[in-house]
Amino acid sequence: NTILYNDSFLAREQGKVDMEDRGYQFGDGIYEALRVYNGKMFLLDLHMKRLERSARELRLSLPYDTDHLVENLDKLIRDNQMDYGYIYFQITRGAIARKHRFPLEKIDCVLTGSIEATTKDEDLYPDGIKVSLLDDIRWLRCDIKTLNLLGNVLANQEAFEKGSADAILHRDGVVTEGTTCNAFMVKDGILITHPADHFILNGITRIFVLQLAERLGIPVEERTYTTDELLHADEVFLTSTGERVAPVIQIDEQLIGNGVPGPISKRLLDAFNGEVE
Ligand code: PDD
């Protein structure tokens, strides 16, 4: 297994991180996760744009430009011979004696990336999933894809302990998103999802699913909605790079719709699968 380490390629065991890396100490860094279908990175430009935005928001300068990064990720795919895979990479502000403020001298970022094999995963959740509804205790810049994920981690663990596949989060009764994914609901044929502001990560899959909905003539509203609306929705589903479109059939004790994946969720997943074959 080869990994990307800054601008070089190493065996997995050789990738070592300094104990004073700011990513390790503060979660001071950013990341992206993307899928490889048929040897090609899916929705690559959107992922690179989001990476550049995350870097700007944290005033972190990338070690090299995204064109070169794309070349390196392509090499990572070829070196590991993976036609279907999941790429994860992160960039931290670098390693230096621990102080909260940014380093005064220029230090090098640390970039690490790896790829793992996946299957084609057309229909990961044919029967849908159960989720829990939990408080969103995260900070107020959920739009930045940072390494700081404790609010997500704690909620995801709590959901797991409740026998759920994930949690849908809410702030004072307003639904935001999942712990690793965006949340959508359908009511009376209208697709509704939280607007892309500071309260959610603007998922690349979210953007793509909104485009698919437009193409299929499904009306869309990007607006906030309450937990009450969510629990009485006709359909609910989650979207992410790993899950594509995951139908939610139960939220805690409440069945959604008829307790089976709904027709609009299925149409969107079919359309999605059609794009990545
Ligand atoms: N999670 N919201 C949150 C909080 C996320 O962590 C993610 C992705 C998404 C969906 O984004 P996208 O469609 O670009 O994958 C929404 C990644 C995959 C992760 O942390 O592993």
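Predicted model: local features only at pLDDT ≥ 70, side-chain atom pairs only at ≥ 80, totals over all residues.
User: What makes the radius of gyration agree with that of a compact globule?

Analyst: A compact globule of 277 residues would have a radius of gyration near 19 Å. The protein has 19 Å, so the value agrees with the expectation. Along the principal axes, the C-alpha atoms fill a box of roughly 55 × 40 × 30 Å. As for burial, 37% of the 277 residues count as buried.

User: Which elements make up the protein, and what share of the contacts joins residues 24 or more positions apart?

Analyst: There are 7 helices and 15 strands. Among contacts with a separation of 6 or more, 69% are between residues 24 or more positions apart.

User: How many residues surround the ligand, and which are the closest?

Analyst: The ligand is surrounded by 15 residues, and the closest are Leu201, Gly203, Ile204, Thr205 and Thr241. The largest share, 3 residues, comes from α5. Sorted by class, the shell has 9 polar, 4 nonpolar and 2 charged residues.

User: How do you know that the span of α5 is close to what is expected of a helix?

Analyst: Helix α5 has 12 residues, and at 1.5 Å a residue the expected span is 16 Å. From its first C-alpha to its last, α5 reaches 17 Å, which is close to that value.

User: Which residues of α5 are called buried?

Analyst: They are Ile204, Thr205, Arg206, Phe208, Val209, Leu210, Leu212 and Ala213. The cut-off for the word is 20 or more other C-beta atoms within 10 Å. After α5 comes Gly217, with a positive phi near 75°.

User: Where does Gln81 lie, and what is its phi?

Analyst: Gln81 lies in the loop between α3 and β5 (85–92). Its phi is positive, about 50°, although Gln81 is not a glycine. Gln81 has 11 other C-beta atoms within 10 Å and is therefore exposed.

User: What makes Val70 partly exposed?

Analyst: Val70 has 15 other C-beta atoms within 10 Å, so Val70 is partly exposed. Val70 is found in helix α3. Leaving aside neighbours within four places in sequence, Val70 is in contact with Leu44 and Met48. The C-alpha atoms of Val70 and Asp18, which are 52 residues apart along the chain, are separated by 25 Å.

User: Is Glu229 buried, exposed or partly exposed, and what is the count behind the word?

Analyst: Glu229 has 15 C-beta neighbours inside 10 Å, so Glu229 counts as partly exposed. Glu229 is found in helix α6 (residues 227–231). Beyond four places in sequence, Glu229 is in contact with Met185 and Lys187.

User: Why does Arg59 count as exposed?

Analyst: Arg59 has 8 C-beta neighbours inside 10 Å, so Arg59 counts as exposed, the limit being 12 or fewer. Arg59 is placed in the loop between α2 (44–57) and α3 (66–79). From Arg59 to Glu229, 170 residues apart along the chain, the C-alpha separation is 38 Å.

User: What makes Leu140 count as exposed?

Analyst: With 8 C-beta neighbours inside 10 Å, Leu140 counts as exposed. Leu140 is found in the loop between β7 (129–135) and α4 (150–161). Leu140 and Val220 are 80 residues apart in sequence and 25 Å apart in space, C-alpha to C-alpha.

Methods
Residues numbered from 1 in each chain as written. Near = placed C-beta within 6 Å. Helix = DSSP H or I, 4+ residues; strand = E, 2+ residues; numbered from the N terminus. Nonpolar A, V, L, I, M, F, W, Y, C, P; charged D, E, K, R; others polar. Rg over C-alpha atoms; globule rule 2.2 N^0.38 Å. Contact = placed C-beta atoms within 7 Å. Expected span 1.5 Å × (residues − 1).
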